Amino acid sequence: MDKIIITGGRQLNGDVKVSGSKNAVLPLMASALLTDKCLTLRNIPRLSDLTRMSELLICLGAQISENFDEKTIRICASHIKSPTAPYDIVNKMRASIVVLGPLLARCGVAKVSLPGGCAIGARPVNIHIDGLRLLGADVFIDGGYINARAPKNGLIGTTITLPIVTVTGTENILMASVLAKGRTILQNAAKEPEVCDLVRCLVAMGARIEGIGTDTLIIDGVDEISGTEHTVIPDRIEAATYAIASAITHGDVLLKNVIYDDLLSFWDHLERTGASITRCNAGVRVKMVNDIKGVDVMTEPYPGYPTDLQAQFMALMTLCSGASMITETIFENRFMHVAELCRMSANITMHKTSVLVRGVKKLIGAPVMATDLRASVACVLAGLAATGETTVQRVYHLDRGYEQLEHKLSNCGAIIARV
Ligand code: EPZ
């Protein structure tokens, strides 16, 4: 079991090249199931979640060729040998659920293992299932599997209003509606940049979708779509994570290949902590020369402050000159990093969906245990600024969402190693 050891106290200085987005590439890969032609994706990140999605698509019958040097993957689902996504793959990566909609639309039937919960919450998929039922599918749960069957003439477009903004729920129902008969109006749809990237790719494949970037998507079903070549957007969560790495170490880091406009709420919060954020041709430069100021944050669906950046911001606030109230509104248990940060001498008190962070003068390095992807990276960020040595266990969480994390950080002067 690998672990990461960090000796803190070094200011980060240098460039970080942001990789392709994990949360964009996973649904994009699943969209290949909608056509018998080949889909080529460029700027893909080298992450374990992507490997798992490839395994799943191969298990369903797709042919996949990856070229990581060129950061491309080519997926040809010309023939689907089995519309069943097995438990042993789905339970390792809950994002596998996004094959449900495309499988059902393409094959008329789909059997996908119910993804379990995870550290940050129960993560139900009831809205996914309700949406597919509204498109005419018969869906029942049996033996831990979602069994879905479309009407014999295919899914039927309708108006669907999502009760909660759900990212993969939007993506599943959107992909199912692409091949449905007639018009689907999807209201209260998620507007995350990763959803917009999927819409752009589907349109390039021949889907008819209006309303990109809004909370109402209008899809006119088509009989079939074809392949395309699509470049995956940069990972805004990775980019912002390194922005906080710069701020927490009072460094000066240039983020390359980041889309500034995908992170407006984040830049606003980071600027109020005292960081200077400069857009330039090469990317976005983040410097922190002053004391870190305490800033409150509340997570919300896009374009609000992203829940995937809550743990990272908390790490920064542990060293602020005042205090910060952090409220998590998306997931019911996304404070697993609090206990770990407190082991490093942070001063944090929890009150149900909010925590109050009182800044301390310094963090002390310690062995810490990661529990999910973003909690893990919050421990790494705290370790970069702490006095002494921090050991982060269970780094497989990090490998799911951060490509070459220790290389990118050590290239900016961090003392960090994987053992
Ligand atoms: C996506 O998860 C992301 N994952 C998550 O990133 C991200 O945190 C989340 O969106 C919110 O932005 C991928 O895109 C692969 P949701 P998703 O459905 O779609 C409730 C990371 O760290 N809900 O938008 O699973 C749900 O419980 C990961 O990269 C239902 O109640 O999240 C939650 O409270 C973590 N019923 C809220 O909606 C449903 O059927 C938002 O969840 C679906 C969701």
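Analyst: One term before we start: two strands pair if DSSP finds at least two bridges between them. And keep in mind that this is a predicted model.

User: OK. How many bridges join S8 and strand S9, and in which sense do they pair?
Analyst: S8 and strand S9 (residues 145–149) are joined by 5 bridges. The pairing is antiparallel.

User: Which residue of S9 does Val139 stand opposite?
Analyst: That is Ala148.

User: What's the strand order in the sheet of 4 strands?
Analyst: The order is S6-S7-S9-S8. The sheet is open, and its pairing is mixed.

User: Which are the edge strands?
Analyst: Strand S6 (84–85) and strand S8 (138–142). Each of these two pairs on one side only.

User: New topic, the ligand. How many residues surround the ligand, and which are the closest?
Analyst: There are 21 residues around the ligand. The closest are Asn126, Thr166, Thr168, Asp308 and Ile330.

User: How far is a polar side-chain atom of Thr168 from an oxygen atom of the ligand?
Analyst: The distance is 2.6 Å. Asp308 also places a polar side-chain atom 2.6 Å from a ligand oxygen. For Arg334, an N or O atom of the side chain is 3.3 Å from an oxygen atom of the ligand.

User: And how much of the ligand does the protein bury?
Analyst: The protein buries 89% of the 830 Å² that the ligand exposes when taken alone.

User: Which elements give two or more residues to the shell around the ligand?
Analyst: Four helices are on that list: helix H1 (22–31), helix H5 (126–134), helix H6 (167–178) and helix H12 (373–385). H5 gives the most, with 3 residues.

User: How do the shell residues divide by type?
Analyst: The shell has 10 nonpolar, 6 polar and 5 charged residues.

User: Why does the ligand lie between domain 1 and domain 2?
Analyst: Because both domains give residues to the shell around the ligand. Domain 1 covers 3–16 + 234–418, and domain 2 covers 86–231.

User: Last one. Where is Thr170, and is Thr170 buried or exposed?
Analyst: Thr170 sits in helix H6. Thr170 counts as buried, because its relative accessibility is 0% and the cut-off for buried is under 20%.

User: What separates the C-alpha atoms of Thr170 and Ile326?
Analyst: A distance of 27 Å. Along the chain, Thr170 and Ile326 are 156 residues apart.

Definitions and conventions:
Residues are numbered from 1 along each chain as its sequence is written. This is a predicted model: local features need pLDDT of at least 70, side-chain atom pairs count only at pLDDT 80 or more; totals for chains, interfaces and linings use all residues. Side-chain values use heavy atoms; hydrogens and water are left out. A residue is near a molecule or strand if one of its heavy atoms lies within 4 Å of it. A polar contact is a pair of N or O atoms within 3.5 Å; within protein, one must be able to donate a hydrogen and the other to accept it, and residues adjacent in sequence count only if both atoms are side-chain atoms. Accessible areas come from the Shrake-Rupley method with a 1.4 Å probe; for residues, only the protein chains shown count as cover. Ala, Val, Leu, Ile, Met, Phe, Trp, Tyr, Cys and Pro count as nonpolar, Asp, Glu, Lys and Arg as charged, and the others, Gly among them, as polar. Domain bounds come from an automatic or database domain assignment. Buried means under 20% relative accessible area, exposed over 50%, partly exposed in between (1.4 Å probe, protein chains only).
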